[in-house]
Amino acid sequence: MRGTSHPVTRKSGKALALLPLAAAGAWIAWSHLGLNRAGPLPPALPGRRTTLRTRSGRVNLYAADAQGGRPLLLIHSINAAANAYEVKPLYEHYRGRRPVYALELPGFGFSERADRIYTPRLMTDAILDAAAEIAGRHGGAALDAIALSLPCAYLARAALERPDLFSTLGLISPTGFDARLSGRGPEDANRGKPLARGLAAFPLWGRPLFDALVSRPSMRFFLEKTWGSRDIDEGLFAYDQLSARQPGAEHAPFSFLSGYLFPDDTTRVYEALRLPVFMVHGARGDFVDYRHVGEVAGRPNWTILRLSTGAFPHFEDRAAVTGAYDAFLAAHREKRDQPTGSIR
């Protein structure tokens with residue numbers, strides 16, 4: 001006897017099949033209408049906040065510049081909720097020793113979060129304009145500058161275009177030495193995919209998609225991948241949650257997710273650097289592929305340090321990072337001050 005489906009069973013199956021669609025619709029509605037956006041964003045760092053008008057729009061600059069000396073510029077990474085809190089350990093360490101500044105790149109923190117395509121060119125121009133402003137505040141002194149992760153490539157490009165603005169470069173967990181994101185493509189090219197960005201940023205589901213990406217479980221998951229450990233910095237996690245709920249917070253991350261913020265010539269840019277470069281990276285977590293670092297290792301202007309940390313070593317072992325960085329700066333200063341033609 002041939003089996004037959006019971007009507008109730010068929011209806012139940014159809015209802016179950018519609019559950020994912022219903023859940024997605026409910027999430028979209030909740031995101032657009034009911035999700036509690038954060039209130040005003042508190043400062044990520046102590047010190048003065050100023051808004052700079054740059055070629056890339058309005059950008060936020062933190063400053064602790066009461067001390068004398070060569071200015072230090074700090075630049076956060078790029079991710080779904082990036083902001084200047086990512087450089088807090090370095091900012092707090094140096095603000096009593098020298099002038100220190102922290103730039104928030106376009107689309108992040110207190111900087112302008114316009115609905116546009118964000119590219120390496122946009123970020124590089126913001127760094128160049130901020131560096132020129134800082135140098136002007138200090139009598140034209142060239143800066144020491146440190147960037148995290150992907151913006152290391154933007155900082156390197158800025159230093160190639162305006163080497164007079166920079167004295168040394170610091171690269172923490174720089175993107176571009178791995179198998180996937182290294183490259184010698186055309187100058188200023190990026191890996192953007194218009195279709196991917198168009199789908200991600202579609203008005204109906206764009207913000208709900210971003211809200212899911214920066215939900216507490218998702219954000220904790222990605223920070224644990226960055227740390228290579230469950231022992232993440234809870235202060236950074238809490239601030240990221242606030243920052244990611246600000247109006248327009250999704251626009252720059254959509255360019256990040258669709259490839260527009262990834263340069264295609266990173267390897268060539270790093271190899272072209274002639275300024276002194278301090279590089280430090282971790283050995284734990286998902287961001288430990290430095291198979292192409294041999295392209296620059298051993299060059300006299302490169303100092304490379306590997307620590308048993310995740311990708312934010314300045315949070316986990318600030319003393320090791322700052323100690324090695326200070327030794328690098330002292331060695332560079334000694335070489336710079338050495339009289340021409342002296343015999344060693």
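A salt bridge (a side-chain nitrogen of Lys or Arg within 4 Å of a carboxyl oxygen of Asp or Glu) joins the side chains of E250 and R207, with an N to O distance of 2.7 Å. This pair connects distant parts of the chain, 43 residues apart: E250 belongs to the loop between α8 and α9 (251-257), and R207 to helix α6 (residues 206-213). Helices (H or I, at least four residues) and strands (E, at least two) are DSSP runs numbered from the N terminus. E250 is buried at 11% relative accessibility, and R207 is buried at 10%, where buried denotes under 20% relative accessible area, exposed over 50% and partly exposed in between (1.4 Å probe, protein chains only).

The model is predicted, with local features requiring pLDDT of at least 70 and side-chain atom pairs pLDDT 80 or more, whereas totals for chains, interfaces and linings use all residues. Residues are numbered from 1 along each chain as its sequence is written, and side-chain values use heavy atoms, without hydrogens and water.

Across the whole structure, 18 salt bridges are found. One of them pairs D129 with R55 at 2.8 Å, N to O. D129 is located in helix α3 (residues 120-137) and R55 in the loop between β1 (48-54) and β2 (57-64), so the contact ties together parts 74 residues apart in sequence. R55 is exposed, at 53% relative accessibility. R55 and D129 also belong to a network with R121, D125 and E161, joined by salt bridges that share partners.

Within helix α3, R137 and E133 are four residues apart, about one turn of the helix, and their side chains form a salt bridge of 2.9 Å, N to O. R137 is partly exposed at 31%, as is E133 at 34%.
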